[in-house]
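Thanks for coming, everyone. Let me put the sequence and the model on the screen, and then we can walk through it.

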Amino acid sequence: MMKNKILPLCENLKTLKLIFLLVSIAFFHNYSQGQEYKKLVGNAIIGHDGSWGNNPSNLKEAAFDGDINTYVDAPSPIGFVGYDFGITRTAKIYSIKYAPRPEFETRILGTEIRGSNDPSFRTYSVLHTISNMPVAGKFSEDLINASESYRFICFYSSNGFCNIAELEFYGSLSDVEIPTLSDLQIDKGVLSPPFEPGHFEYSILVPSGVTTINLKVIPEKKSFSVVGDQKISLLEDHAKTTINVTNGATTTTYTIKAIPFKLKHSYTFDDGTANDIVGEAHGAIRGTIQSEGKVIDGLFVTYDQGQFIELPADKIKINEYSAITLEAFILASKGSDTKMISFFGNSTGNFGTDYIAQWVHNNEFSWTGISCNNDIAPWETITQVSGKSLQDDAYHHIVTTFDNQEIKYYIDGTLVGKQTTLGHKSNIIANLSNNLAYLCRSGYLREQTWLGGIDEFNIYEGILDAETIAKSAKKYLETSKDRNKTFYKSLISLTDLNEGFRPTSDLSDEFIKTLKKSKIEVYPTILRTVDSTTWSETSGKEFAASLKSDLELDIDFNRKTLNPDELRGKNQFEIFNNEMDSLGEKIRKEKTPSDYNIVLEILFAPKQSERLNVFGIHVYVLTNDGKNAYSFLLNSHHDSFKYAQLFEDHVTKESLETLKQKCTWVALEVFKKQLNNKISHGSKPIDYEDYHGQLSRTTLYTNLPTPTTEDFRNGALQYHYPLKPSELKKIKNLIIGDWVMGLAEYNYIVANKLTFNADGKFTSTSESSSTFKYELKGDSLVTELPNNLNKKQKFEVEGSKLYLYENNNRSEYTRTEGDSSSGILGKWTTKIGNEGTMTFEFTPSNNLNITTKMIADEGTFEINANLIEFFSEKGGYIFMTILAVDDDNLSIKSNGNGNTFNYVRPKEQD
């Protein structure tokens with residue numbers, strides 16, 4: 001009987017198992033077909049901003065457009081797309097359907113389905129990871145065992161550009177009543193992000209000087225209770241509060257943290273370095289082989305291309321800031337190219353990426369902006385503000401503030417504009433790169449370095465308030481009013497070569513010896529153009545007064561104007577000599593009671609569009625019978641002239657006076673420098689650019705039209721003449737020969753050879769030679785240098801080695817000519833720079849011949865229209881305008897300093 005009873009029971013169990021299995025199969029069949037749970041659609045699509053190449057067909061909305069042939073393509077490898085189901089609903093996901101971008105199916109592997117109740121996704125749950133290869137053009141389906149509901153559901157790609165063609169979520173929705181606030185107000189600072197009822201974590205960006213912040217919280221319903229301290233004290237270690245909003249058993253917590261304003265890094269240059277006086281992010285002054293930027297009286301100055309400051313971006317860590325203020329105190333220079341004063345970010349190719357930056361000039365404006373997550377065309381998604389261009393040779397105070405929602409730009413204490421990140425939500429601090437940080441250099445590698453001065457640069461975490469900005473600007477501008485003269489005086493003191501060309505005079509020794517006891521008269525400054533002559537008493541008086549006070553000379557100002565008559569000469573040197581003769585004749589006829597007479601002359605080139613250039617400066621120092629005692633000239637070959645940037649755009653009466661004043665300062669400081677160094681010898685003439693003749697008689701080439709004198713008077717320049725593409729192609733495979741220029745004050749010759757290769761690479765090699773007298777005194781080598789200076793070095797000859805000692809440093813040379821019986825006589829060579837050599841040759845006649853050969857630069861080049869762009873392997877970039885080119889000649893002009901270089905193919909070259 002027992003057995004009979006057990007059998008029906010077993011049969012019943014088998015039946016139950018069968019029923020359970022059938023139900024399960026049916027359930028999962030329906031589940032897998034998406035029939036048991038409905039397809040979910042959110043209140044709003046969420047995801048990354050933009051698309052690769054800014055293609056409107058590949059935005060995040062393409063994931064839900066119902067078209068399997070369109071797809072999402074994020075602007076960077078990281079991307080996400082999904083739904084926000086709204087503040088009063090949550091979704092529980094049981095399955096997803098998805099289709100990949102055709103031909104990029106592998107990019108789906110490893111992507112995640114994430115759920116979160118935090119709009120920022122700072123906290124989230126990974127609901128599923130896709131691990132099976134999908135099929136292009138078809139939907140794949142994955143089941144998800146979700147146990148929680150979420151307001152936000154998204155598809156997240158860490159390295160696949162979010163390449164999803166279609167995305168569908170299946171599951172269920174639940175209505176929830178979340179106790180929230182309807183408003184959150186503060187009495188000071190900026191709430192970040194702006195208040196939304198469904199966002200629960202906030203920061204308050206606190207202006208400087210604030211110690212307490214009061215909050216006002218308003219619940220969504222009166223029945224909701226609110227508990228929490230509604231006052232934040234910044235005097236406490238943890239300046240934050242929590243606000244709990246409760247509805248029955250459900251509580252929502254809002255966290256509000258105050259972020260005090262803090263100076264993180266500061267560069268004042270007061271100690272002559274780029275050290276950080278607040279933190280440990282010390283900067284490094286960079287430059288070219290020839291020179292680095294300099295600190296002059298607490299002002300960091302860049303006076304030549306390639307000079308900048310590199311800051312340690314990895315120590316600054318700017319992408320960890322809650323808010324950013326960049327503050328710069330600058331002396332703006334002149335120029336027409338794009339110039340960046342500060343850059344924090346990265347460089348991808350030739351573009352700046354993931355950066356925040358400040359430009360003092362860019363397309364006729366100054367700018368500040370932030371651009372992130374766009375490596376293809378970062379300028380198209382930049383959040384930016386523009387102001388007036390700062391290229392006026394004046395001191396300025398500029399400030400950028402950014403709080404993750406809005407960027408503001410201040411010039412000289414005034415807010416010139418602000419812009420929100422609406423439309424470019426990727427432009428946030430967290431997306432900035434910590435790879436590069438520069439002052440005076442751009443992350444766009446084709447942009448030139450900025451020429452000018454930085455008095456101070458500060459980096460703050462937080463937002464500098466408008467009142468503080470205005471006060472700082474006012475104080476700085478008031479104390480900088482009269483600093484330009486001091487600046488140019490100091491700048492000129494840095495330059496040791498090219499300090500003007502002065503022809504030899506038998507009277508120069510006597511002039512230096514009798515200067516202090518001589519009677520001197522200074523005349524009004526002559527202002528010359530091709531067809532006009534005027535005079536400036538103001539310039540002449542300043543020249544006289546400064547010489548009198550600085551050198552304690554017996555100087556008077558003579559108001560009589562001296563006219564040098566018609567402008568004559570095919571180049572500047574001829575003009576200089578003709579003018580000197582003409583002025584000497586007039587002074588001789590004047591029969592002045594003075595021992596010496598000084599006349600300053602400024603030569604203006606023909607006006608080019610809106611720009612007025614100074615071509616040259618002449619200082620005539622003549623005896624009372626009109627003979628040359630100590631006259632000299634300056635032009636763009638000379639450092640002091642070049643670095644002063646003697647030109648003016650958009651000429652006004654005021655700007656013209658400023659330009660004349662700068663010319664006066666340059667002439668004055670070069671004159672004083674020559675006198676203080678007791679330079680009594682002259683220098684050999686060099687092959688100067690023509691002035692009157694450079695356009696009317698210029699050496700253009702036979703296949704190009706030659707401008708006439710009338711063209712010159714109308715301001716026509718040689719590079720206005722178009723070049724044919726066939727002429728440009730002749731540059732390739734062309735080795736252009738030696739460009740020779742003599743430097744004033746002693747015979748120092750520079751030869752430059754520029755080689756263009758068919759593979760797009762260039763090499764610039766330089767050679768120099770100079771000759772000095774030397775004398776051996778015991779174990780010392782005494783070399784007679786220019787300016788009546790002598791250099792003394794201890795020396796040792798040991799076999800094939802020559803050792804020179806100076807300032808505890810030892811230089812080693814190897815004998816390349818002569819033998820041990822010759823002593824120091826013969827040739828000795830050492831390595832310098834990049835594959836370069838320096839050779840000393842000691843001759844029996846006590847001449848020391850020094851020659852150097854080195855690779856000055858190398859890299860790649862591109863030819864675009866009439867521009868040659870040079871990309872140095874050292875990271876620099878310059879571009880030159882092609883003035884003229886034929887089979888044997890090339891004339892190019894630097895777009896940085898305006899210098900023209902004329903190259904000739906060596907005769908031995910094909």
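Which residues in α6 meet which residues in α9? Hold that for a moment, and take the ground rules first. This is a predicted model, where local features need pLDDT of at least 70, side-chain atom pairs count only at pLDDT 80 or more, and totals for chains, interfaces and linings use all residues. Residues are numbered from 1 along each chain as its sequence is written, and side-chain values use heavy atoms, with hydrogens and water left out.

Now the answer. From α6 we have Ser539, Glu542, Phe543, Ser546, Leu547, Asp550 and Leu551. They meet Gln661, Thr664, Trp665, Ala667, Leu668, Phe671, Lys672, Leu675 and Asn676 in α9. Contact here means heavy atoms within 4.5 Å.

How do the two helices sit? The axes of α6 and α9, residues 653-676, come within 10 Å and cross at roughly 30 degrees. Therefore α6 counts as roughly parallel to α9; the cut-off for that word is an angle under 35 degrees. Axes are lines fitted to C-alpha atoms, for helices over the stretch in contact, with angles from 0 to 180 degrees between N-to-C directions. The crossing is right-handed, which means that the near helix is turned clockwise from the far one by less than a right angle.

Stay with α6. This helix covers residues 537-551. Why does its length make sense? At 1.5 Å a residue, its 15 residues should span 21 Å, and the end C-alpha atoms are 21 Å apart, so the two agree. The expected span is 1.5 Å times one less than the number of residues.

Look at both ends. At the start, a side-chain oxygen of Ser536 reaches to within 3.1 Å of the backbone nitrogen of Ser539. Just after the helix, Glu552 takes a positive phi of about 55 degrees. Several α6 residues are buried, including Phe543, Leu547 and Leu551. Buried means under 20% relative accessible area, exposed over 50%, partly exposed in between, with a 1.4 Å probe and protein chains only.

Zoom out. The chain has twelve helices and 54 strands. Those are DSSP runs numbered from the N terminus: helices are H or I with at least four residues, strands are E with at least two. Of the 910 residues, 52% are buried. Among contacts between residues at least 6 apart in sequence, 64% join residues at least 24 apart.

Next, Glu168, in strand β9, residues 164-175. Is Glu168 buried or exposed? Buried, because its relative accessibility is 13%. Its side chain makes a polar contact with the side chain of Tyr170, at 2.8 Å. A polar contact is a pair of N or O atoms within 3.5 Å; within protein, one must be able to donate a hydrogen and the other to accept it, and residues adjacent in sequence count only if both atoms are side-chain atoms. Beyond its neighbours within four places in sequence, Glu168 touches Lys39, Ser95, Ile96, Lys97 and Phe139.

Phe161 has a phi of about 60 degrees. Phe161 lies in the loop between β8 (152-157) and β9, and is buried at 15%. Asp354 has a phi of about 50 degrees. Asp354 sits in strand β25, residues 351-362, and also counts as buried, at 15%.

Last stop, Pro844. Find it in the loop between β49 (836-842) and β50 (847-864). Pro844 is exposed, at 72%. Its C-alpha atom and that of Ile824, 20 residues away along the chain, are separated by 9.8 Å.

Conventions
Angles under 35 degrees count as roughly parallel, over 145 as roughly antiparallel, 65 to 115 as roughly perpendicular and the rest as oblique.
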